[in-house]
Amino acid sequence: MRPGAALDVVELAAGVVLAGAVLALWRKDLRALISVLSLQGASLATLAAVLAVHDGDVGLGVVAGVVLVAKGLVIPGLLARVVRADPGSRETAPLVNVPASLVTAAILVVVSYLVAGRLTALFPNALTRLAPLGLATVLVGFFVLVTRRKAVSQIVGLLLVDNGVALVAFLLTAGVPLLVELGASLDVLLVVVVLQVLATTMRARFGHIDLDQLRELHD
Amino acid sequence: MITSSIVRRTPLFAALRGHRVTEAAPPPARDGAPFPGSAQLRHVDAGSCNGCEVEIAQAFAPVCDAGRFGIRLVASPRHADGLLVTGVVTRNMATPLRKTLEAVPRPRVVVACGDCAVSGGIFAGAYGVTGPISDVVPVDVEIPGCPPEPAMITEALRGLTGR
Amino acid sequence: MTATLAAAGPGLWARIGASVLQVAAVAVGGPLLLGLMAKVRARTEGRVGPPITQGLFDLRKLVRKEAIRAEHTSAVAAMAPLVLVASAAVAAAVTPLVTTRPAVTGGADVFVVVYLLLMGSVALALGGLDAGTAFGGMGSSRAMTIGAISEPALLVGILALAVQAHTSNLPGIVTASLAHPGWLASPQRLLALAALVVVVIAETGRIPIDNPSTHLELTMIHEAMILEQAGPDLALVTMGEAMRLGLLLGLVANLFFPWGVDGSGGGLAVLIGLVVLGAKATALAALIALVEVSTAKLRLFRVPELLAGGFVLAVVAVTTGLVTR
Amino acid sequence: MSTTAYLIGLGAPCAAALLGAVLPGRRRLLGAALLSALGCLAALVGAGEVLVSGHPFVLHTAAVLPLTGVDLSLDPLGALFVATTAVVGLAASCYSVGYGSHATPSRTTTAMLPAFLATLLLVPAAASVATFLVAWELMALTSLLALLSEHRRRPETRDAAQWYAAMTHIGAAAILLGLVLLATHAGSQSFAAIAAHHRRLSTPLTSVVFVLTLLGFASKAGAVPLHVWLPRAHPEAPSPVSALMSGAMVNLGIYGILRVGEDLLGGGELWWWLLVATLGVASAFFGALHAAASTDAKRLLAYSTVDNVGLVLIGVGAAGALAVGGERVLAGLVLLAALFHLVNHALFKGGLFLGAGALQHATGTRDLDRLGGLARKMPATAVFFGIGALSISAVPGLNGFASEWLLLEGLLHGFASHSAVTEAALLAGVAALAITGGLTATAFVKALGVGFLGQPRTEGARAAREVGPSMLAGMAILAVGCVVLGVVPGVMLPVLDRAASAGLAGGAPHALRPGLGLDLASLRGAIQPGLLVVGLLAALVVAWGALRLAPRSAELRLPRRAEAWGCGRELQTARMEITATSFAEPLQRVFADVLRPDHDLEVTHAAESRYFPEAISFHQRVDDAIERVVYRPVITAVAWWGRLARRVPNGSVHRYLAFGFAALVLVLVVLA
């Protein structure tokens, strides 16, 4: 495999992950968010696979497989079940309106370019200079986590952060230790499962999932 | 996820299957079409019971598809080659009807659609009624029927484009 | 890239000929593309639909009708359609659609094309206001609002490519991306493409931003502006709009899929370029039409969200370009 | 030669001011206008010679100013500003003849315009701290008097004057502090000496000096958040004065930033220029947005001045940053573009303000919602205003496009510089340029379309008549300038090149190839606006001819005049026309988070049933959000302090003595 081509694919995958984060901020339909997640998972897996082939690293290949299964299929699948359970569910009223949050996303991307640019300048190579994309994904994910009301879309934000972290890890250390990545994916998996249980019970009780209503319950 | 979202977009698959519900039309009458190939009409409801409107909508729906003969309903009389008038002319609609026709650039035609428009129909001589279209503006094409069938409307309009 | 007429390569007349050919291609191709989109739409709805040449039939009829001007209008109402067509024509002449050697290398600049399009929109909006009616002004207001948000996305989206190619000269960008096929799959290219597709849909007033075939004035954007135009004026406006569509589709096609554009200026190569351009534009138009059928029109005040998204994608594209440089 | 011409240029307006103060009746108007026009021509000649030859002149006289004397020197940078001011001043002087003629103008009115003009011509030539400060203060004073001169009793005018006085004096104080600090540490007060020794100054000191002076100059230039005086003062001033304010005075803010930052302090730090660029981005966006939202013609123009100043500041900031980064060619290019845009802005904004004055003169109102249909009543004004409006909307073939293109090119090529922060600033600049482009077009389509097209909305608009020849001449001068610089921008290049390299510490190499068009020789990018115009005209003629040749029956040849299509409505009046307010409504809704419009809706129901409203009244106003958020609290706090302070001295002598003693001790402590 021509190294140049490999690099192209890696760049593309990283770009797709970031674009996915922006899309997640753009669309209100939860189903769309979930397909964005699976897209990100798939491209992360591709990235890992390309790196694995390129360095002939078997462990990384395994990680790629795990990522594909966990981030690409299982987690989105579970989330999709949660969403399907209460139909027509959209992120109706984010705390910050869409244009404003999109502009914020643009600023976040530029900021991460500035910050990570300083960091990666320490040991520059073809992969590390892509790190700003991962950092931007993390920041945008946090933004989603902060500004969205529905529990599901907050989980989506969490997963965006996780994907961003994974991306940075892949790029900086060219293949995270297998266990770390497994751990990360697994705990997120756990979160999602818990969420689903919670969601089902909540739906049984109050019919829908909205954290603001939960707060009302609390006081 | 992605595949399912694509599958949900049925029209796209309809396009790929290329299925067609439009019925084949008889050959056109080519002679003396005022607007060969392209005719736009502004629809005016001069006081109709909306029966004709339903049929006109049908004429442009997939089965008859009057659009394939170069006929289109447009939003402004300035864009139109004529008026497609339905219903008997009520007193309040007489002036607007005249003004609308004035707004159409020449050369122009007036199509009276439905019995009321042609002759006043069951509303002839009723209270608040000025009369059939021909009492207010000169009529070039008449489509009888209460309401006229979509196929008849389509045929009459094909006469304008000669397609 | 000298800005003189007598530059290297084919002679002045060949270049002018090529530019005139491009204008003609856009002038004929634009209405045909519109016809194609209508056809695709009809077929997806199970109809036969009007022939693809319908637009040309309409134009032929419109130029033969009488022109009507509202009583309060000034010279602007008469000038606006002409300016619209003229700006679109000049933009088509300088854009590398068929050949990368248009008559005026000095004019073949992305910013020139963007501002020529803006010029057309301004003329149209002024024309809409000149009749002094409620709907005309409403249309102008909405059109300018949407333009005010879509133009930045267009500018920054193209900037992403210009930064990559180190020039804003359109032929320069096209030839540079022909030289580096790796660019075409680069993330900033894809992000910019997404942004520009949103812009094209907005600028040409298609669903989900505007519904070209609506009859309800209150839902109109572009249509409301031209409610007053009749006969020849309307022919010019329709022509200008079709040319803008063809121009934008051709521009996007050549910026992102630059193969087949003639670089030599030879006669045969130009013809090949013409054919390839037609194929690319047709594919894009069909794609847009399919999207159009399968989506619903947005509420007017949801449109800015869409366009802001395009703008942000463009900014992200530039940043990604800086990162992956 | 250039010296004498320039001195005549200074003297004539002063004489004009005297004449305007003494001559009786109508004659004072004509005399003052003629003399100041003459002065402008002379100043133009003087500055032009400096620009063409590139040789500055230096002049020292101990006579005028005690202790220090007056130092004057005109280098290409200053000369560019003098020339710009002279052109706008020429137009304004012609215009003032007809403008004042509706009633015999007061002596202040006729005296203050030339005096203001003279100070504007003086400031860019000041070559020492003392001279500069004196000139600056004179400018502030005369501009304030000129602002008040027309109708000083209107509450709006008084309010505007208070805001202007406050802002301009805070700014002047900051400049005074900064320059005195600089002079004391540099050991000399002549600009030349300071520029020669700036290396000896410590970085913290120069930074303090730059920030202080930037505060003052930015407030004069009307940069956000120091712009609040501008949208009040410019509309209330007499139109020739507002033309001079927007076309010449705000430029001097830019001049000050360049003179101090680049010339005196020799480029300085990167963050200085990033700060300038940030101010520019904020001003451009905020100004353009408010211009698009406002319905008062002159308020709209004032906000668009904030916008354009922002664009120039973006250019200046980017140029400074690139220069610090060592990219001399790019820095020169961007600064040249910024200066070019500044000149263009002076031309079209001056013309637009004169046009707005003509509107007010003819209809008695500036409110676009009450105008309309003026294109047929006052065709010449409409043409000149239209040229200005299209130029500022950057329509190709007019000067606004040329300079915006150059600015965009400079920023684009700046991305080659591998400094992340600079690149981020450039990206922000391009984004701001792009957004303001669309917003400005919207604002001026509104001004032109609602003001001049359609049907007249009020009796005043219906009764409008074309203004007199002298006013038209004033507008024509600037409109012609817009067209010429738009079609052949290349003619300005040598001049701008000299000014730019004089404005950049250590000079700048040539970035553009000489010619009629704009051609970035080594940087690959060029336009030929002239050829574009030829192409546009050709296409126009072809399209028009094609329509004439269309086979049409004889009676359909001529276009028919018909009633506007109103859905067949029985009667339709101008009340059904769209207004400027409703034109701006969608944009206002989109940017509601920034504009914060406040509405109030009152519905009085019919007595019979509350389902039938009897009257509905809807009011909406878009205030300056920054003014509300930043300035109101400050003002209230100051007022509170004032009340507190009033309570402290209760007339007892001992307390005053105590204050004095405390102050003395404090001073001693500080000195020790």
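**Strands, helices and chain contacts in a predicted model**

Q: Which residue in strand 3 of chain B stands opposite B:Asp45?
A: Strands here are DSSP runs of E with at least two residues, helices are runs of H or I with at least four, and both are numbered from the N terminus. Strand 1 (residues 39-45) and strand 3 (residues 82-86) of chain B pair in the parallel sense over five bridges; pairing requires that DSSP finds at least two bridges between the strands. The residue standing opposite B:Asp45 in strand 3 of chain B is B:Thr86.

Q: What pLDDT do local features need in this model?
A: Residues are numbered from 1 along each chain as its sequence is written, while chains are lettered from A and ligands numbered from 1 in the order in which they are written. This is a predicted model in which totals for chains, interfaces and linings use all residues, side-chain atom pairs count only at pLDDT 80 or more, and local features need pLDDT of at least 70.

Q: Which strands stand at the edges of the open sheet in chain B?
A: Five strands form this sheet, with parallel pairing, in the order 2-1-3-5-7.

Q: How many residues of helix 5 (residues 131-147) of chain A are buried?
A: The end C-alpha atoms of this helix are 25 Å apart, which agrees with the 24 Å that its 17 residues should span; the expected span is 1.5 Å times one less than the number of residues. A residue is buried if 20 or more other C-beta atoms, placed from the backbone, lie within 10 Å of its own, exposed if 12 or fewer do, and partly exposed in between. Helix 5 of chain A is largely enclosed by the rest of the structure, because its buried residues number 13 of the 17.

Q: Is C:Ile221 buried or exposed?
A: C:Ile221 is found in the loop between helix 7 (187-203) and helix 8 (222-225) of chain C. Leaving aside neighbours within four places in sequence, its contacts (C-beta atoms, placed from the backbone, within 7 Å) include C:Gly139, C:Arg142 and C:Asp210. There are 24 other C-beta atoms within 10 Å of C:Ile221, so this residue is buried.

Q: Which helix gives the most residues to the side of chain D that touches chain C?
A: Here 70 residues of chain D are in contact with 72 residues of chain C. The elements giving two or more residues to this side of chain D include helix 16 (399-414), helix 17 (420-452) and helix 21 (529-549). With 15 residues, the one that gives the most is helix 17 of chain D.

Q: Which residue of strand 5 of chain D stands opposite C:Arg69?
A: Strand 1 (residues 68-70) of chain C runs parallel to strand 5 of chain D, and three bridges join them. Opposite C:Arg69 stands D:Arg561.

Note on methods
Contact = placed C-beta atoms within 7 Å.
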